[in-house]
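Reader: I am new to reading protein models. Could you walk me through this one, feature by feature?

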Amino acid sequence: MGLRVAVDQTGPIPLAAEFVCQPGELLALVGPSGSGKTTLLRTIAGLYRPQGGRVECAGEVWFDAERKHSLPPQRRQVGMVFQDYALFPHLTAAQNIQLPLRHLPQPQRSEQAEQWLAKVRLEGLGERYPNALSGGQRQRVALARALARDPKVLLLDEPFSAVDQVTRRRLQRELALLRQQIDIPIVLVTHDLEEAAALADQICVLHNGASLQQDAPESLFKRPASPLVARLLDRHNLFEGVVVDADGKRRLQWGEHYLEVADGLDNLPLGEKVTWYLPPSDIVLHRRGRPSHGERENPIVATVSELVVLGGITSVSLSVNHGDMLRFDIATHAARRNQLTSGAVVKVSLLAAGIYLLPGHRVRADAHDKRK
Amino acid sequence: MDWSALSVSLRLAGFTCLILIPLSLWLGRALAYARFRGKGLCEALVALPLVLPPTVLGFYLLMSFGRDAPVGSFWAELTGRGLNFTFTGILLASLIANLPFAIQPIQRAFEHVPHNLREAAWCSGLSPWQTLLRIELPLVWPGIMSAAALTFAHTLGEFGVILMVGGAIDGETRTLAIAIYDRVQAFDEQGAAQMSALLLLVSFITLGLVYGLAGRRRWVRG
């Protein structure tokens with residue numbers, strides 16, 4: 001059950017994407033602009049018909065290119081929130097919400113519209129026309145209209161991009177709360193990684209119309225499938241190393257360091273060049289003069305090359321002897337306490353459990369990968 | 001006062017609107033939404049009566065309405081009557097002369113309906129017909145109104161094309177505008193003045209009514 005989407009076409013927009021979304025789950029489609037996110041969403045809604053592929057929702061086939069089967073949007077029962085909300089300007093908020101309820105008798109329609117207005121906290125604003133509502137209120141009307149139809153899937157196309165930061169936070173919170181009441185797949189299109197990480201159960205990374213990886217945010221950020229995914233997720237700390245034998249133990253040689261790795265090293269042949277990734281949270285700064293947690297694990301001496309203070313968080317770049325750059329964030333007060341200054345020499349540990357060996361990829365091998 | 005001329009004028013304007021507005025809804029919508037090769041050519045063709053001198057348009061229509069021309073002979077075969085110097089003839093001429101006045105405002109109005117409103121309607125379960133009736137038509141209503149007003153008023157005032165195609169047959173093709181010209185030619189200045197004032201009044205009331213109706217919409221805001 002749930003939503004299963006597979007799309008494949010060579011042009012005019014090249015697509016090669018596949019993803020699933022279970023009932024009650026929120027899947028975020030992330031990727032740079034032009035990566036095909038919105039086109040995929042429109043494919044689910046039936047507003048775009050790709051050359052090849054299959055869309056299946058709640059056990060029903062909505063689109064099957066092979067069988068030349070495609071339900072029109074009217075019969076797919078999707079709830080869609082458009083990027084600019086697409087509210088009908090000549091209808092009041094309540095009438096907008098009533099429009100998908102035309103199968104009900106009028107009294108029931110108004111009653112349900114009232115209920116939805118209450119659910120999205122717009123009581124008393126039902127008589128207003130869209131142009132008399134704020135951006136956040138419009139978004140709520142759009143959400144209520146999408147859900148009023150009792151849809152089998154909820155599609156959100158960058159729903160928070162047209163409102164200010166404060167409103168965005170509030171609407172995101174409300175969506176998280178509303179989710180608990182609905183048991184359908186929710187697909188969210190966004191280019192905001194933080195938003196995706198905060199709201200989604202699953203993230204699907206898209207690039208040039210191709211789905212590269214689908215995973216839970218936590219594992220995605222710790223275990224990107226390829227250097228490209230890591231780059232698209234704005235992950236740094238992507239390095240190259242060689243599998244070596246040091247004193248009878250498998251180690252990962254990185255410059256002059258021999259790193260201990262918790263997982264995956266034993267399966268690789270000696271001499272193999274690998275790309276590895278380290279989540280910034282697995283870089284531990286040693287405190288001056290006092291022992292730190294995990295201090296013996298892969299200790300590295302490095303020079304602070306850049307410090308960027310962003311409010312309570314300081315972003316630290318460390319230059320390692322052989323030229324690679326380690327990046328991580330620490331609390332600004334911790335940076336002060338440890339007297340981090342540009343040019344200072346510090347010690348850090350690279351936690352063995354955090355080191356992730358990317359399967360079969362070399363750094364930048366696919367940096368300019370353009371789909372054929 | 002030439003009451004029969006007023007009646008011809010009103011009938012002509014009324015029928016022109018009645019036929020042309022539904023046709024323009026279809027054509028204007030198609031021109032607004034469709035993308036096809038030669039669209040610019042179509043638009044130029046529609047706009048042509050705007051810039052063509054009425055006598056030029058009238059001349060070509062007169063020629064093509066003749067019994068040995070394709071349009072005229074086809075009509076004669078169908079009905080047994082000619083087109084030149086008949087009410088049907090000037091109605092047909094008026095339909096063509098008014099194409100830009102009817103189509104252009106409607107096309108512009110459809111172009112201003114955001115595409116995703118239609119998609120939102122489809123996603124709300126509305127069929128294409130219901131979308132047209134409940135979403136698109138209310139939104140393009142001001143465009144339809146101004147198309148109707150322009151067409152009606154312009155038909156009342158049309159002179160050159162009607163004179164070329166219809167002549168000035170009493171009760172059949174002599175419109176108010178032509179009757180005024182005739183009065184002036186006959187040195188009947190008082191009669192011309194009365195009819196001019198009437199035409200002015202009718203045109204003003206029509207436009208006033210239509211723009212007044214189109215403007216009374218709560219959700220419209222600049």
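**Helices, contacts and domains**

Author: In chain B, helix 1 (residues 3-33) and helix 6 (residues 99-111) pack with their axes 8 Å apart, at an angle of about 45 degrees. This is a predicted model, where local features need pLDDT of at least 70, side-chain atom pairs count only at pLDDT 80 or more, and totals for chains, interfaces and linings use all residues. Residues are numbered from 1 along each chain as its sequence is written, while chains are lettered from A and ligands numbered from 1 in the order in which they are written.

Reader: How are two packed helices described?

Author: The general idea is to give the angle between their axes and the distance between the axes. Axes here are lines fitted to C-alpha atoms, for helices over the stretch in contact, and angles run from 0 to 180 degrees between N-to-C directions. Helices (H or I, at least four residues) and strands (E, at least two) are DSSP runs, numbered from the N terminus. Angles under 35 degrees count as roughly parallel, over 145 as roughly antiparallel, 65 to 115 as roughly perpendicular and the rest as oblique. The angle therefore makes helix 1 of chain B oblique to helix 6 of chain B.

Reader: Is the crossing of helix 1 of chain B and helix 6 of chain B left-handed or right-handed?

Author: A crossing is left-handed if the near helix is turned anticlockwise from the far one by less than a right angle, and right-handed if clockwise. Helix 1 of chain B passes helix 6 of chain B in a right-handed crossing.

Reader: Which residues meet there?

Author: Two residues are in contact if their C-beta atoms, placed from the backbone, lie within 7 Å. From helix 1 of chain B, the residues include L20(B), S24(B) and G28(B), and they meet residues of helix 6 of chain B including A102(B), I106(B) and F110(B). By class, this contact has 11 nonpolar, 3 polar and 2 charged residues. Here Ala, Val, Leu, Ile, Met, Phe, Trp, Tyr, Cys and Pro count as nonpolar, Asp, Glu, Lys and Arg as charged, and the others, Gly among them, as polar.

Reader: How many helices and strands does chain B have?

Author: Chain B has 11 helices and 0 strands. Its C-alpha atoms fill a box of roughly 65 × 40 × 30 Å, taken along the principal axes.

Reader: What does UniProt place at residues 6-211 of chain B?

Author: An unreviewed UniProt entry places "domain: ABC transmembrane type-1" there. UniProt positions are given in the numbering used here, feature names are shortened, and annotations may be inferred rather than shown by experiment. That span of chain B is 81% helix and 0% strand, with its end C-alpha atoms 23 Å apart.

Reader: Now chain A. At what angle do the axes of helix 4 and helix 5 of chain A cross?

Author: The axes of helix 4 (residues 135-148) and helix 5 (residues 165-179) of chain A cross at roughly 25 degrees and come within 10 Å. These two helices of chain A are therefore roughly parallel to each other. Their contact is made by G135(A), G136(A) and Q139(A) of helix 4 and T167(A), R170(A) and L171(A) of helix 5. These residues divide into 1 nonpolar, 4 polar and 1 charged.

Reader: How is chain A divided into domains?

Author: Domain bounds come from an automatic or database domain assignment. Chain A has domain 1 (3-232) and domain 2 (238-357), and their C-alpha centres lie 40 Å apart. In contact are 6 residues of domain 1 of chain A and 5 residues of domain 2 of chain A.

Reader: How many residues of chain A are in contact with chain B?

Author: 17 residues of chain A are in contact with 17 residues of chain B. The side of chain A that touches chain B has 12 nonpolar, 3 polar and 2 charged residues.
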